[in-house]
Amino acid sequence: MTVDLTVPDVHLHIGGETRTSGSGGVHHHVYPATGEIQGLVPLAGPDDVDAAVRAADAAYPAWRAWRPSERARVLRRLGELMERDADEIARLSVLDNGMTAGMSQPLVGIMAHWTAYYAGWADKVEGRVTSFPANQRELAYSMPEPYGVVGIILTWNGPVVSVGMKLIPALAAGNTVVMKPSELTPYATEHVMRLVREAGIPDGVVNLVLGGPETGDALVRHPLVQKVSFTGGPSTARKILATCAEFLKPAVLELGGKSANIVFPDADLDMAVAVNAFSVLGTLAGQGCAIPSRMLVHSDIYDAVVERVVAMVDGMRCGDPFDPATVISPVVTRQAQDRILAMIERAQADGAKLLAGGRAPSHLPDGFFVEPTVLGDVDPASELGQVEVFGPVLSLIRFESEEQAIEIANSTEYGLASYVYTKDIDRIQRLVTALHAGGVYINGASPVVGCELAFGGVGISGYGREGGEEGLFEFLRTKAVGIA
Ligand code: NAD
């Protein structure tokens, strides 16, 4: 198998210019599968961020004045270009963070799908005429308006998906954007920026600055940034909100999760196990926000589930992300690998039973791999029962009754997604209401691909929504108009 491992030069994209260096220095990008440095990433300092925000601000009046149908046309074109270049964007996504090629292909498809969906919304934004006026001559109506410059901060696990979820609705609504991907994942978004230009989106409408926390902070606190859309962890979200509070600036926060999958005895066990184990272990090596990392299993079927999970994990290979036989990709950095392995150790000290994995695979010492790991009899109140791992670790937790399952599922501070496997429709209806989560997904339904349906969290999983009409309206605010 010959794989093209070349990476593109990456740039800061400011007002239509591509800059090869930034005042924030340089990041040495490491390929997680080999631990080798594969490229240099220019980091934006506060002056680069300022230039990018000013370029977005200068481009805003003209972009807002575009006919909505014209905005729809260029965004549709952008979606077509994403499909045309899907193989290359998928290859770059693997080189970004080491995800498997089998995973990167569908993720690029999701980005293109969201882009087509929100292109369709661009000319369908409507306000409302109200019954407020006191006489027939008066008129009162609401008018949704874009914010102006929006700051978008992405995490490293799925930048292309976030392009579809954040950048495209922001543009469809008529905003201009400064986007900051993580410095750990610069390649796929570099290619997207080329397509933005090719699609005919004017210079300055989309700007991109690369960098870490300092770059993100400079973007959030810039006075011309009117709204922030953030994906990342809750502790970073708290810092961002503290900065937003200084300026009374609104933010949308898509944060982490500790999602429960509740499996009842009447479930299709083969499907429940296959979907749950693959989602937690095989999806980006467990580095997904909405994965069902806690599998809550009724005691009557606990042993049968353990047997199936262990058999399935046995066939999951860690290895070269470009090899179609690889299921488990590396995690993003050496620090992440060390953190995950330490959590697995502590979980065992807390009483969890190691059923599979638990180590770094010895045949892959240079990459940042963790064996697919299953821990049984996890105490729901322990660290592993409560804290997001963000690695290929599945926890099995026993329950005896529906009430107990709900109590355990709702016992963390998170609330992104909940999953249920049962054939009992009455039970499904009770659980949909009782579960404390932004979404409830039944019998194998998945939150990931549904651009038509709002996605987001409750609790420390954040607030605001991506997807559907709700996701578009995060990038619009309503002006009230009264005419006497
Ligand atoms: P992180 O919070 O460390 O970083 C996210 C982004 O914020 C990065 O671009 C980073 O450079 C930037 N940043 C860091 N400090 C900042 C600051 N003070 N001001 C402004 N920007 C700052 O998160 P991570 O480790 O990159 O990602 C993992 C987390 O993201 C997990 O908790 C995961 O569940 C969550 N996540 C959530 C979703 C979702 O849609 N709900 C999707 C993917 C990941």
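A: A polar side-chain atom of threonine 155 lies 2.7 Å from an oxygen atom of the ligand; a polar contact here is a pair of N or O atoms within 3.5 Å. This is a predicted model, in which local features need pLDDT of at least 70 and side-chain atom pairs count only at pLDDT 80 or more, while totals for chains, interfaces and linings use all residues. Residues are numbered from 1 along each chain as its sequence is written, and side-chain values use heavy atoms, with hydrogens and water left out.

Q: How far is the side chain of glutamate 388 from an oxygen atom of the ligand?
A: An N or O atom in the glutamate 388 side chain is 2.6 Å from a ligand oxygen atom. For lysine 180, the corresponding distance to an oxygen atom of the ligand is 2.9 Å.

Q: And how much of the ligand does the protein cover?
A: On its own the ligand has 860 Å² of accessible area, of which the protein covers 86% (Shrake-Rupley method, 1.4 Å probe).

Q: Which elements give two or more residues to the shell?
A: They are helix 7 (213-220), strand 9 (225-231) and helix 8 (234-247). Helices (H or I, at least four residues) and strands (E, at least two) are DSSP runs, numbered from the N terminus.

Q: Changing topic, which residues of helix 7 are buried?
A: Thr215, Gly216, Ala218, Leu219 and Val220 are buried in helix 7, meaning under 20% relative accessible area (1.4 Å probe, protein chains only).

Q: What covers them?
A: The cover over the buried residues of helix 7 includes helix 1 (46-65), strand 6 (149-153), strand 7 (176-180), strand 9 and helix 8.

Conventions: Polar contact = N/O pair within 3.5 Å; in protein donor to acceptor, adjacent residues only side chain to side chain. Buried < 20%, exposed > 50% of the residue type's maximum accessible area, 1.4 Å probe, protein only. Contact = heavy atoms within 4.5 Å.
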